[in-house]
Amino acid sequence: MDEVEYDINKARQKKTKVGSYRIRPDGTQERKKVPLAQSEAFLVDLLDKVCMRMNDYQLEDDPVTKQKYFRRYAPRKGDKIYKEYKKFFFYSDAFKPLKFACEAIIEKYEDEIFALIAQEAHHLADMLCSEKSDLCGTPVSHPEP
């Protein structure tokens, strides 16, 4: 959900045209500008592709609780070191369970995710966990990289 929220926050500043492509008798079209983050086409595309980025995460142990969790290690596209990072190829099967879990969550909770985005909710992961699903027990915070 952090990946979804990252893309939503980037898209909140952009607008896109939506509406019908049908032409009225007077020759006009009913089209309006809406925030890109609320465009159904953007959201469907985002949810279709977000799980592909799970290979940007690695499995780590929390130093205090010793619980395993996934943490993003790869820079994002706008980061200064992104171009340098992309010169290297990293591959591990470790991300596959995370990708599978991501796909299962998106499939099962797609409507709930859309509803949270439509409400312009922040902290999507926490909201999905605590209010829209039974995915989480007690939330565990992890240090940011």
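In this predicted model, glutamate 60 and arginine 71 form a salt bridge whose closest N and O atoms are 3.6 Å apart. The pair links distant parts of the chain, with glutamate 60 in strand β3 and arginine 71 in strand β4, 11 residues apart. Glutamate 60 has a relative accessible area of 19%, so it falls under the 20% limit and counts as buried. Arginine 71, at 24% relative accessibility, counts as partly exposed. Salt bridges that share partners also join Glu3, Asp7, Arg53, Asp56 and Arg72 into one network.

**Salt bridges**

- The count of salt bridges comes to eight.
- Side chains of opposite charge can pair when their charged atoms come close.
- Glutamate 3 and arginine 53 meet through their side chains in a salt bridge, with 3.0 Å from N to O.
- Glutamate 3 belongs to helix α1, while arginine 53 is in the loop between α2 (40-49) and β3 (57-61), so this pair ties together parts that are 50 residues apart in sequence.
- The relative accessibility of glutamate 3 is 2%, so the residue counts as buried.
- A salt bridge also forms between aspartate 56 and arginine 72, where the closest N and O atoms are 3.4 Å apart.
- Because aspartate 56 lies in the loop between α2 and β3 and arginine 72 lies in strand β4 (residues 68-72), their pairing ties together parts that are 16 residues apart in sequence.
- Both aspartate 56 and arginine 72 are buried.

- Strands β3 and β4 run antiparallel and are joined by five bridges.
- Within this pairing, aspartate 61 stands opposite lysine 68 in β4.
- The hairpin of β3 and β4 has six residues between the strands.
- Lysine 66 lies in the loop between β3 and β4.
- Phi of lysine 66 is positive, near 70°, in a residue other than glycine.
- Most residues other than glycine have a negative phi.
- Lysine 66 has a relative accessible area of 61%, which is over 50%, so this residue is exposed.

**Glutamate 5 in helix α1**

- Glutamate 5 has its place in helix α1.
- With a relative accessible area of 14%, glutamate 5 is under the 20% limit and therefore buried.
- A polar atom of the glutamate 5 side chain lies 2.7 Å from the backbone nitrogen of histidine 123.
- Leaving aside neighbours within four places in sequence, glutamate 5 is in contact with His122, His123, Leu124 and Ala125.

**Helix α5 and what covers it**

- Helix α5 spans residues 124-132, and its buried residues are Leu124, Met127, Leu128 and Cys129.
- The cover over the buried residues of α5 includes α1 (2-11) and α4 (96-118).
- Leu124, one of the buried residues of α5, is also among the contacts of glutamate 5.

Terms used
Residues are numbered from 1 along each chain as its sequence is written. This is a predicted model: local features need pLDDT of at least 70, side-chain atom pairs count only at pLDDT 80 or more; totals for chains, interfaces and linings use all residues. Side-chain values use heavy atoms; hydrogens and water are left out. Buried means under 20% relative accessible area, exposed over 50%, partly exposed in between (1.4 Å probe, protein chains only). Helices (H or I, at least four residues) and strands (E, at least two) are DSSP runs, numbered from the N terminus. Contact means heavy atoms within 4.5 Å. A polar contact is a pair of N or O atoms within 3.5 Å; within protein, one must be able to donate a hydrogen and the other to accept it, and residues adjacent in sequence count only if both atoms are side-chain atoms. A salt bridge is a side-chain nitrogen of Lys or Arg within 4 Å of a carboxyl oxygen of Asp or Glu. Two strands pair if DSSP finds at least two bridges between them.
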